[in-house]
Amino acid sequence: MTRSGIARPLRDGALLAIDQGTTNTKAMLLDASTGLVLAEASAPTSIAFPAPGWVEQDAERLWTATMAAVDGCLEQQPEARVVGIGISNQRETVVCWSRSTGRALGPALGWQDARTTAWCADLLEREPSAAQTIRQRTGLSLDPMFSAPKFRTSIDAAVAGGADPTDVAVGTVDAWLVWRLTGQHVTELGNASRTLLLDLASLAWHDDLLSLFGIDAARLPEPRPSDASFGVTSTRHGRLPAGVPVLAVLADSHAALYHHGCTTPGTGKATYGTGTSVMSPTKDPSAGPHGIATTVAWHVGGAPTYAREGNIVASGSALDWMASTLGVPEGTAGGAHLTALAGEVPDSGGVCFVPAFSGLGAPYWDRSAVGVLVGVSGGTTRGHLARAALEAVAHQVTDVVEAMESDGSARIDTLHADGGATASGLLMQVQADLLGRPLEVASSPAASALGAARLAAEHLGVATPPAEPGHRVAPHPPTSSDAGAARRSWRQAIARSRGLTVSQTDPTLRDETIERNDP
Ligand SMILES: O=P(O)(O)OC[C@H](O)CO
């Protein structure tokens with residue numbers, strides 16, 4: 001567990017922000033009246049890959065890592081009076097548990113878990129109209145990343161293992177944490193909108209969707225607004241006392257958007273994590289352009305805010321792979337090493353790297369795409385390969401932004417950037433150059449936790465100061481070795497990854513292949 005803290009006296013109580021992520025849980029304690037961070041701690045989760053395409057997490061460990069991080073904060077501020085909790089969490093991952101014992105009935109199935117690919121394909125074969133129904137009602141594509149097929153698999157496994165069906169509860173990670181903290185079986189609307197079961201218009205589970213996936217609504221949590229009451233801690237959990245209210249819950253990517261103050265169309269952010277989520281608010285809840293999801297960003301003050309989103313499956317993981325493949329010297333951070341190598345060359349020397357490790361996500365949604373490295377010659381150096389990895393991340397984000405704006409939606413003038421990989425100044429510069437617009441790079445890597453804290457503070461009636469300004473990265477003026485040529489090479493590489501021609505890979509074209517892959 002890692003910890004850091006700033007000791008100072010508290011007058012008005014403290015807010016506890018929890019960000020439960022794929023690789024760790026972060027917790028933060030903030031002064032409830034000023035928003036100043038008083039203590040931070042984190043604790044690792046566990047992740048297992050028991051079969052190709054399977055990604056499991058220990059559900060109990062998600063909880064214990066959360067409590068370890070919370071304890072780590074409270075230990076640094078023993079006098080703190082916690083007046084409320086804000087939660088942000090990894091999305092789509094599902095947990096199945098027993099209502100009577102409160103214990104998990106199996107592993108959590110992670111958001112990257114693709115074991116339901118065949119199940120989804122069967123559903124489409126049985127009911128060809130399902131893709132359309134799902135997209136119109138939920139704003140999402142039928143893909144194993146989303147929760148419903150995993151809910152179904154988890155419930156079936158629990159019942160096959162002897163569980164009483166009426167005792168089985170399922171939920172996304174927010175629901176699991178809230179259940180453990182307060183005993184309520186509830187979920188937040190932004191999280192619920194990632195399950196393939198929530199109707200974006202009525203903001204309720206929809207019977208047609210429940211029946212498509214064969215899920216009994218009684219197994220599911222009750223969806224609630226992001227600033228609803230999620231109950232109070234039912235008992236003492238470690239150093240966290242009983243009676244503390246959960247004031248706000250947001251899905252992690254949505255919480256980062258909230259933290260940046262991106263609340264209106266024309267604003268947007270990219271979170272550079274294992275994958276990358278590019279998100280921008282919209283007033284239009286209808287299905288977006290091909291490959292782009294529509295989702296509930298949050299439901300605050302009695303009204304929903306919707307967002308368009310593109311999920312890139314491999315970005316940080318692509319950088320990690322390239323860093324370890326090129327040999328990270330002992331004691332060196334992979335990202336820093338890769339950036340240093342990439343900085344040795346002015347460009348990638350014609351090399352393009354498409355990290356389609358498990359197919360491609362937005363805007364292509366082609367699970368059959370394969371990873372490719374093209375343009376390698378006898379003159380290719382480690383620097384060129386490192387540079388191609390950084391460019392791969394930036395190209396994928398550019399693909400998503402272009403797809404998002406392809407239906408005439410408001411242009412994102414400045415893209416906010418957060419997440420671990422933003423530490424690479426070179427990546428940020430390449431990103432600004434490819435997009436041809438400035439980036440606003442967050443000063444804190446904990447945008448999601450801060451977003452949840454901000455909403456919790458607002459629930460208490462405290463107006464929090466705007467996010468601390470980060471630093472701005474302006475695009476270089478276009479030159480002859482311009483972004484256009486780089487984009488053309490990238491499109492060719494994408495075509496090779498997908499086994500298609502360049503024109504077929506344009507996500508804005510409604511060709512037969514895109515129809516097949518992006519319901
Ligand atoms: O745990 P993270 O930060 O990689 O976020 C996971 C996303 O919420 C998945 O959609």
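## A guided tour of the predicted model

Begin by selecting residues 15-257, which an unreviewed UniProt entry annotates as "domain: Carbohydrate kinase FGGY N-terminal"; UniProt positions are given in the numbering used here, feature names are shortened, and annotations may be inferred rather than shown by experiment. This is a predicted model, in which local features need pLDDT of at least 70 and side-chain atom pairs count only at pLDDT 80 or more, while totals for chains, interfaces and linings use all residues. Residues are numbered from 1 along each chain as its sequence is written, and side-chain values use heavy atoms, with hydrogens and water left out.

The end C-alpha atoms of residues 15-257 are 20 Å apart, and the span is 32% helix and 25% strand (helices, H or I of at least four residues, and strands, E of at least two, are DSSP runs numbered from the N terminus).

**The ligand**

Next select the ligand, which is surrounded by Gly21, Thr22, Gln90, Arg91, Glu92, Trp111, Asp252 and Thr274, each having a heavy atom within 4 Å of the ligand. A polar side-chain atom of Glu92 is 2.6 Å from a ligand oxygen atom, a polar side-chain atom of Asp252 is 2.7 Å from a ligand oxygen atom, and a polar backbone atom of Arg91 is 3.1 Å from one. The protein covers 79% of the 310 Å² of accessible area that the ligand has on its own, by the Shrake-Rupley method with a 1.4 Å probe.

**The open sheet**

Now select the seven strands of an open sheet with mixed pairing, in the order β17-β18-β16-β15-β21-β22-β23, where two strands pair if DSSP finds at least two bridges between them. The edge strands, each pairing on one side only, are β17 (293-300) and β23 (471-473), and the twist averages 30 degrees from one strand to the next. Strands β17 and β18 (residues 303-312) run antiparallel and are joined by seven bridges; Trp298 has Thr305 in β18 as its bridge partner.

Contact here means heavy atoms within 4.5 Å, and angles run from 0 to 180 degrees between N-to-C directions of axes fitted to C-alpha atoms, for helices over the stretch in contact.

**Two loops**

Finally, select Pro363 in the loop between β19 (352-354) and β20 (372-374), where the peptide bond from Ala362 to Pro363 is cis.

Notes: Polar contact = N/O pair within 3.5 Å; in protein donor to acceptor, adjacent residues only side chain to side chain.
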